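The notes after it are meant to be read beside the sequence.

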Amino acid sequence: MVTIRPATPGDAEAIAEVYVNTWRSVYADLLPERELVGMSYERTALYWRRMIAEKPGRDLVRVADTDDRMVIGFASAGASRHRGLGFDGEVYTLYVLDDFQGAGTGQALLFSSFRRLLDRGLRSSLVWVLAGNPSRFFYEVMGARRVAEREETMWGVRLNEVAFGWPDLDATLKSPRAIAAS
Ligand SMILES: CC(C)(COP(=O)(O)OP(=O)(O)OC[C@H]1O[C@@H](n2cnc3c(N)ncnc32)[C@H](O)[C@@H]1OP(=O)(O)O)[C@@H](O)C(=O)NCCC(=O)NCCS
């Protein structure tokens, strides 16, 4: 049984483990190995601890944990950083540990984040994803449509990114998939 709940500062180490491990796995063919190997659990945990403890309410950070309180995934969301696209909310991060993927956790985190965005008065959302990341298909399964593209440089590598958007979160949460998942 997986539970979705708001993150606390004490989750920072577990969130860092999910973050670093999934980056190394999903971006292995897209980003330089040296940089991925150099990612630090400690620095990443510090970032998330500050994000959760010092800026409560700025980002909505939610974790998924198992019955024995192991954090297996997390998501963060908030106001869109790209207002020009006509979407007021944004899912900034969504990661589920490899061994726990494919069991509905990503979907539960996504819909839970959408509920919190709506609570905050944000009625639509987008997510940016690397064009080469297979998770783009997940967003299509979740009812999003492709709304924009851009080029970014990260660690010296030029990368194509795609934005997927949900123009009406209320309608998305009333879809048969979201109702079945709740
Ligand atoms: C993308 C991710 C969050 C999805 O989480 P998940 O727990 O594996 O997905 P779920 O089990 O909730 O999947 C829900 C549905 O989406 C489908 N789905 C999930 N990943 C998919 C993919 N890559 N391609 C196509 N469909 C996919 C599932 O088959 C399932 O469909 P069904 O209910 O009809 O069987 C997870 O795979 C992940 O963390 N990936 C690595 C990190 C990443 O790329 N994050 C996104 C960065 S923007």
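The briefing below starts with the basis of the model and then goes through the sheet, the helices and selected residues.

This is a predicted model, in which local features need pLDDT of at least 70 and side-chain atom pairs count only at pLDDT 80 or more, while totals for chains, interfaces and linings use all residues. Residues are numbered from 1 along each chain as its sequence is written, and side-chain values use heavy atoms, with hydrogens and water left out. Helices (H or I, at least four residues) and strands (E, at least two) are DSSP runs numbered from the N terminus.

- Seven strands form an open sheet with mixed pairing, in the order 1-2-3-4-5-7-6, where two strands pair if DSSP finds at least two bridges between them.
- Strand 1 (3-6) and strand 6 stand at the edges with a single partner strand each, so one side of each is left without a neighbour in the sheet.
- On average, and with direction ignored, neighbouring strands of this sheet are turned by 25° against each other; axes here are lines fitted to C-alpha atoms, for helices over the stretch in contact, and angles run from 0 to 180 degrees between N-to-C directions.
- Strand 2 and strand 3 pair in the antiparallel sense over six bridges, and L60 has A77 in strand 3 as its bridge partner.

**Strand 4 and its neighbours**

- Strand 4 (residues 89-96) is mostly covered, since eight of its eight residues are buried; buried means under 20% relative accessible area, exposed over 50%, and partly exposed in between (1.4 Å probe, protein chains only).
- Strand 3 (residues 71-79) runs antiparallel to strand 4 and is joined to strand 4 by seven bridges, and A77 has V91 in strand 4 as its bridge partner.
- Strand 4 pairs with strand 5 (residues 125-130) in the parallel sense over three bridges, and V91 stands opposite V127 in strand 5.
- Together with helix 4 (residues 105-119), strand 4 and strand 5 make a right-handed β-α-β unit; a crossover is right-handed if, with the strands pointing away from the viewer, the path from the first strand over the helix to the second runs clockwise.

**Helix packing**

- Helix 1 (residues 12-26) and helix 3 (residues 41-53) pack at an angle of about 125°, and their axes are 8 Å apart.
- Helix 1 and helix 3 are therefore oblique to each other, given that angles under 35 degrees count as roughly parallel, over 145 as roughly antiparallel, 65 to 115 as roughly perpendicular and the rest as oblique.
- The crossing of helix 1 and helix 3 is right-handed; a crossing is left-handed if the near helix is turned anticlockwise from the far one by less than a right angle, and right-handed if clockwise.
- Residues of helix 1, among them A12, I15, Y19 and R24, meet residues of helix 3 that include Y41, A45, W48 and I52, where contact means heavy atoms within 4.5 Å.

**Loop residues with positive phi**

- R69, in the loop between strand 2 (60-65) and strand 3, has a phi near 65°, a positive value in a residue other than glycine.
- R69 counts as exposed, because its relative accessibility is 58%.
- W155, in the loop between strand 6 (145-154) and strand 7 (157-166), has a phi near 50°, again a positive value in a residue other than glycine.
- W155 is partly exposed, with a relative accessible area of 32%.

- E17 is found in helix 1 and counts as partly exposed at 45% relative accessibility.
- Not counting residues up to four places away in sequence, E17 touches Y41 and L97, while the C-alpha atoms of E17 and S76, 59 residues apart along the chain, are separated by 15 Å.
- S25, also found in helix 1, counts as partly exposed at 35% relative accessibility, and the C-alpha atoms of S25 and F87, 62 residues apart along the chain, are separated by 30 Å.
- G165 is found in strand 7 and counts as buried, because its relative accessibility is 0%.
- Leaving aside its neighbours within four places in sequence, G165 is in contact with F87, S125, L126, A144, R145 and V147.
- The C-alpha atoms of G165 and R136 are separated by 11 Å, with the two residues 29 apart along the chain.
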